[in-house]
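Subject: The structure you asked to look at

Hi there,

Here is the structure to open up and look around in.

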Amino acid sequence: AMALLKDASDADLTYDILNNLGAACIEAKAYEQGEDYLKRSLELKPAYAEALKNMATLYRKMDREKDASNAYEQYLDQRPLDTDTRYNFALYLTKIGNWELAGEQLRTLSAEVTDVANLYIVLARVETKLGNFEAATEASRRAMQLTDPKLALAWMNDAEFDQLREHEDFQALIKSVEKR
């Protein structure tokens with residue numbers, strides 16, 4: 001696609017075509033060229049959701065954390081019901097250690113999605129990182145309702161689990177699980 005459209009006139013390059021070229025560049029790891037195409041797409045159609053989503057992916061791959069977060073947020077402002085992208089954004093935020101924003105995204109998501117154990121497992125980990133032990137316990141409780149209780153804690157490392165297990169609400173939760 002990139003080779004075919006390389007010499008196309010600007011008049012032939014619509015915002016959709018530019019977005020698709022940007023996406024192709026991401027796949028080809030031609031990030032700078034992809035950024036150029038996506039920016040041009042957004043110049044033609046500001047706030048074009050698909051280009052914003054591709055921009056978020058591009059910046060994530062380029063390790064441009066702030067730019068990636070901004071693009072994700074702009075995309076999700078337009079497509080708030082895209083739960084898959086919101087979840088992927090939250091996972092990305094945990095990877096880069098932005099626990100506060102990850103918590104916001106996961107709390108928003110858990111208001112819509114109530115039947116996915118992994119969501120609550122990640123939320124429990126994030127709430128633990130933020131020192132919100134009651135919320136972490138509640139998220140763990142929900143995860144344990146949806147999956148094997150041992151799996152519900154598998155994503156936490158020892159230090160994170162040590163923080164949470166000292167909280168009395170969490171101890172009560174574990175005792176209730178042991179009775180099952």
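Below is what turned up, going from the whole chain down to single residues.

A word on the ground rules: this is a predicted model, so local features need pLDDT of at least 70, side-chain atom pairs count only at pLDDT 80 or more, and totals for chains, interfaces and linings use all residues. Residues are numbered from 1 along each chain as its sequence is written, and side-chain values use heavy atoms, with hydrogens and water left out.

**The whole chain**

The chain has 12 helices and zero strands. Helices (H or I, at least four residues) and strands (E, at least two) are DSSP runs here, numbered from the N terminus. Of the 180 residues in the chain, 42% are buried. Buried means under 20% relative accessible area, exposed means over 50%, and partly exposed is in between (1.4 Å probe, protein chains only). A contact means heavy atoms within 4.5 Å. Among the contacts in the chain with a separation of 6 or more, 50% are between residues 24 or more positions apart.

**Aromatic rings**

How many aromatic pairs are there? The count comes to three. The rule is that rings of Phe, Tyr and Trp (its six-membered ring) pair if their centres lie within 6.5 Å; planes under 30 degrees apart count as stacked, over 60 as edge-to-face and the rest as tilted. Tyr72 and Phe89 are stacked, because their ring centres are 4.6 Å apart and their planes are at 20 degrees. This pair links distant parts of the chain, with Tyr72 in helix H5 (residues 65-78) and Phe89 in helix H6 (residues 83-96), 17 residues apart. Both Tyr72 and Phe89 are buried.

Tyr72 also pairs with Tyr92, and that pair is tilted: 6.2 Å centre to centre, with 40 degrees between the planes. Again distant parts of the chain are linked, as Tyr72 in H5 and Tyr92 in H6 are 20 residues apart. Tyr72 has 3% relative accessibility, so it counts as buried. Tyr92 has a relative accessible area of 7%, so it is buried too. Ring pairs join Tyr72, Phe89 and Tyr92 into a cluster.

While you are in H5, find Ser69, which lies in that helix. Is Ser69 buried or exposed? At 8% relative accessibility, it counts as buried. Not counting residues up to four places away in sequence, Ser69 touches Phe89, Tyr92, Leu93 and Ile96.

One more ring to look at: the charged end of Arg142 sits over the ring of Tyr120, 6.0 Å from its centre. For that label, NZ of Lys or CZ of Arg must be within 6 Å of the ring centre and within 35 degrees of the ring normal.

**Helix H7 and what it packs against**

Helix H7 (residues 99-112) has 14 residues and reaches 20 Å from its first C-alpha to its last, close to the 20 Å expected at 1.5 Å a residue. The expected span is 1.5 Å times one less than the number of residues. Buried residues of H7 include Trp99, Leu101, Leu106 and Leu109. Which helices do the buried residues of H7 pack against? They pack against H5, H6 and helix H8 (117-129).

Two packed helices are described by the angle between their axes and the distance between the axes. The axes of H7 and H8 come within 9 Å and cross at roughly 145 degrees. Axes are lines fitted to C-alpha atoms, for helices over the stretch in contact, and angles run from 0 to 180 degrees between N-to-C directions. The contact involves residues including Trp99, Ala102 and Arg107 of H7 and Leu119, Tyr120 and Glu127 of H8.

**A few single residues**

Most residues other than glycine have a negative phi, and most peptide bonds are trans. Ala47 has a positive phi, near 65 degrees, and is found in the loop between helix H3 (31-44) and helix H4 (49-61). Its relative accessible area is 43%, so Ala47 is partly exposed. Asp63 also has a positive phi, about 60 degrees, although it is not a glycine. Asp63 is in the loop between H4 and H5, and at 64% relative accessibility it counts as exposed.

Lastly, Tyr37 is in helix H3 and is buried, with a relative accessible area of 6%. Leaving aside neighbours within four places in sequence, Tyr37 is in contact with Leu18, Leu21, Gly22 and Cys25.

Cheers
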